[in-house]
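Here is a quick tour for anyone meeting this structure for the first time. Have the sequence and the 3D view open as you read.

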Amino acid sequence: MNALPHPSGHAPVHVVVGGGQAAAAAVTAMREAGFSGRIVLVGAEAHLPYERPPLSKEVLVTPQAAQVSIHPEGFYAEKGIECRFGDAAVHFDADERRLELASGETLAFDKLLLATGARARAYPLLDQLGSGVFTLRTLDDAEALRGHIWPGRRVLVVGGGVIGLEVAASAVIMGADVTVIERGARLMARGAPAPMVETLIALHRDKGVTFALGADLVEATRANTREITLSAADGRQFVGDLVVYGIGVELNVDLAISAGLRVEDGIVVDEYGRTSHPDIYAAGDVARQWTPARGTHLRFETWANAQNQGTGVGRAMVTGEPCAFEVPWYWTDQYGHNFQVAGAQEADEWLHRGEPGALKATVFGLKDDVVVGAFTVDNGREMRPARAMIATGHRITDRTLIANPKTDLRKVADGRL
Amino acid sequence: MEKVHVCSLADLPPGEARRVDTSPAIAVFNLDGAFYALADLCTHGNASMAEGYLEDDCTVECPVHTARFCLKTGKALTQPATIDLATFAVEVEGNDIYVLMPQGGA
Ligand SMILES: Cc1cc2nc3c(=O)[nH]c(=O)nc-3n(C[C@H](O)[C@H](O)[C@H](O)COP(=O)(O)OP(=O)(O)OC[C@H]3O[C@@H](n4cnc5c(N)ncnc54)[C@H](O)[C@@H]3O)c2cc1C
Ligand code: FES
């Protein structure tokens, strides 16, 4: 289906709004699928598309060694992808197929992909403190934060989700004293298996991090000394030099809503990534995709989803083939340890595989003896067979065989054992 | 070229990998009896490719963020890596495996 002659005679035009992981993956996939029309990539940030995972890790701790660009600079020109970085899409008309940019440029398109991602959810109680309060979503955010953390600084991390914990780990490595303040009763409530959270808490405590759970903040003040005090409803007070908060995201769906697309906690798309308008597509954090393998719409805020769905939807826009189903999967890196999580985060039983006492492990989540989820700690090579076992709904008959770290999981996954 | 001993043939069965602590470290792979050697440190971050997942299609997947590299050419095939890994020649002599390191490191 390469370069179909367009009814109106011009080469087809794909416009991609976003400039993040999903957008970069999509434009790459369009060219790989043979699309030879015009591709225009519009990104609000004045940077080449970059990876966000390093922002809470290497960009803070080892900035000289941090590599964030998804593709080298020459890639876009080489692939004939026109870039508009530092310019935002402000309006589009789905039926007229025209997109307006903040700079005043108007782009006519045949197909439009929205990969607008999300922004950090604002916390007005903390924002009113003015300086000394940070969030972490963009490269500029990470660079602004980096200069404020040094040995002995008291860092109050508000929000015990994955980004909060990653920032806590990085701040500890940079020598800071860290307190993590979470409103809920448990950490990473939105998405990690309970035994993995326990491992993470033990790791953080061992490094000196203090946790305050169930702390509902009601007041934030700053003394003349610039010291910040956060007060919880139950009277607990936390004193620090700076605050970093990560309390979830706000999806960038304004464009989609004003164009009349169906939006329900994300832009609703089918298995091709098509929105409620057949020429408008969406992918990445912002998209809630129909997933036949699960019989429901699913939305994820992970690197792998942005990469795979961006690729799948970019290809679908060219070939008309549906996106392939992938077992949901993500990683988090803390204190140099790599944690990977796949599939369901809730299970009846967690089957541990690894030397007792060692951090390195693979743990399976079982429901009625069937593998529904898994996580690894510094054992990523076992994630591949573990994901395959989740995908096929592998039934565990011999627990000792699986629990023995010497058993080759590849053989279990493909039925040789 | 400096010839560095890796291990005996028996110590590197098919489907397995070994790390050699040269400078830089090298990962040696046995894919169904064929031997390949790549720089051990993933070009995307702090991961040992010897700990990676060996695929039948002559690639290895990084254990940390799953970038795939070609065993023959070292080419970075998938995100998040974009920089290729260095490759090294492997020699089998009798029952032993060696890698060839260019003088002065790679
Ligand atoms: C600090 C941090 C650490 C993370 N760590 C991990 C991790 O370890 N593992 C993991 O799996 N995931 C991690 N993630 C999540 C992962 O990075 C995201 O899921 C992924 O970046 C989503 O990609 P995306 O392209 O959908 O959206 P985004 O990356 O949000 O990109 C969207 C882009 O669109 C731009 N945009 C929005 N509106 C417009 C407009 N109107 N016009 C033009 N441009 C617009 C935005 O400025 C932004 O640059 C992390 C995220 C953060 C913030
Ligand atoms: S460290 Fe290998 S892919 Fe990131």
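Predicted model: local features only at pLDDT ≥ 70, side-chain atom pairs only at ≥ 80, totals over all residues.

## The shell around ligand 1

Sorted by class, the shell holds 17 nonpolar, ten polar and eight charged residues.

There are 35 residues around ligand 1, and the ones that come nearest are A:Gly18, A:Glu45, A:Arg52, A:Arg137 and A:Asp285.

## Polar contacts with ligand 1

Now zoom in on single atoms. A:Arg137 has a polar side-chain atom 2.7 Å from an oxygen atom of ligand 1. With A:Lys57, an N or O atom of the side chain sits 2.7 Å from an oxygen atom of the ligand.

How much of ligand 1 does the protein cover? On its own the ligand has 1000 Å² of accessible area, and the protein covers 93% of that.

## Where chain A meets chain B

Next, look at the place where the two chains touch. Chain A puts 19 residues in contact with 19 residues of chain B. Between them the chains bury about 1700 Å², with 42% of that area on carbon and sulfur atoms. Which residues of chain A lose the most area to chain B? They are A:Arg381, A:Arg384 and A:Arg410, and together they make up 40% of what the chain A side buries.

Between chain A and chain B the count is four salt bridges, and 14 residue pairs are in polar contact, both partners at pLDDT 80 or more. On chain A, helix H9 (303–319), strand S22 (329–334), strand S23 (337–343) and helix H10 (383–392) each give at least two residues to the side that touches chain B. That side of chain A splits into five nonpolar, seven polar and seven charged residues.

Finally, a few spots to check along the backbone. In chain B, the peptide bond from B:Ser23 to B:Pro24 is cis, with omega near 0°. B:Pro24 sits in the loop between strand S2 (17–20) and strand S3 (26–31) of chain B. Another cis peptide bond links B:Gln79 to B:Pro80, where omega is about 5°; you'll find B:Pro80 in the loop between strand S7 (68–70) and strand S8 (87–93) of chain B.

Over in chain A, A:Met188 has a positive phi of about 45°, though it is not a glycine. Look for A:Met188 in the loop between strand S11 (177–181) and helix H7 (194–206) of chain A.

Key: Residues numbered from 1 in each chain as written. Chains lettered and ligands numbered in written order. Heavy atoms only, no water. Contact = heavy atoms within 4.5 Å. Buried area = accessible area lost by both parts, 1.4 Å probe. Salt bridge = Lys/Arg side-chain N within 4 Å of Asp/Glu carboxyl O. Polar contact = N/O pair within 3.5 Å; in protein donor to acceptor, adjacent residues only side chain to side chain. Helix = DSSP H or I, 4+ residues; strand = E, 2+ residues; numbered from the N terminus. Nonpolar A, V, L, I, M, F, W, Y, C, P; charged D, E, K, R; others polar. Near = heavy atom within 4 Å. Areas by Shrake-Rupley, 256 points an atom, 1.4 Å probe, with all protein chains shown as cover.
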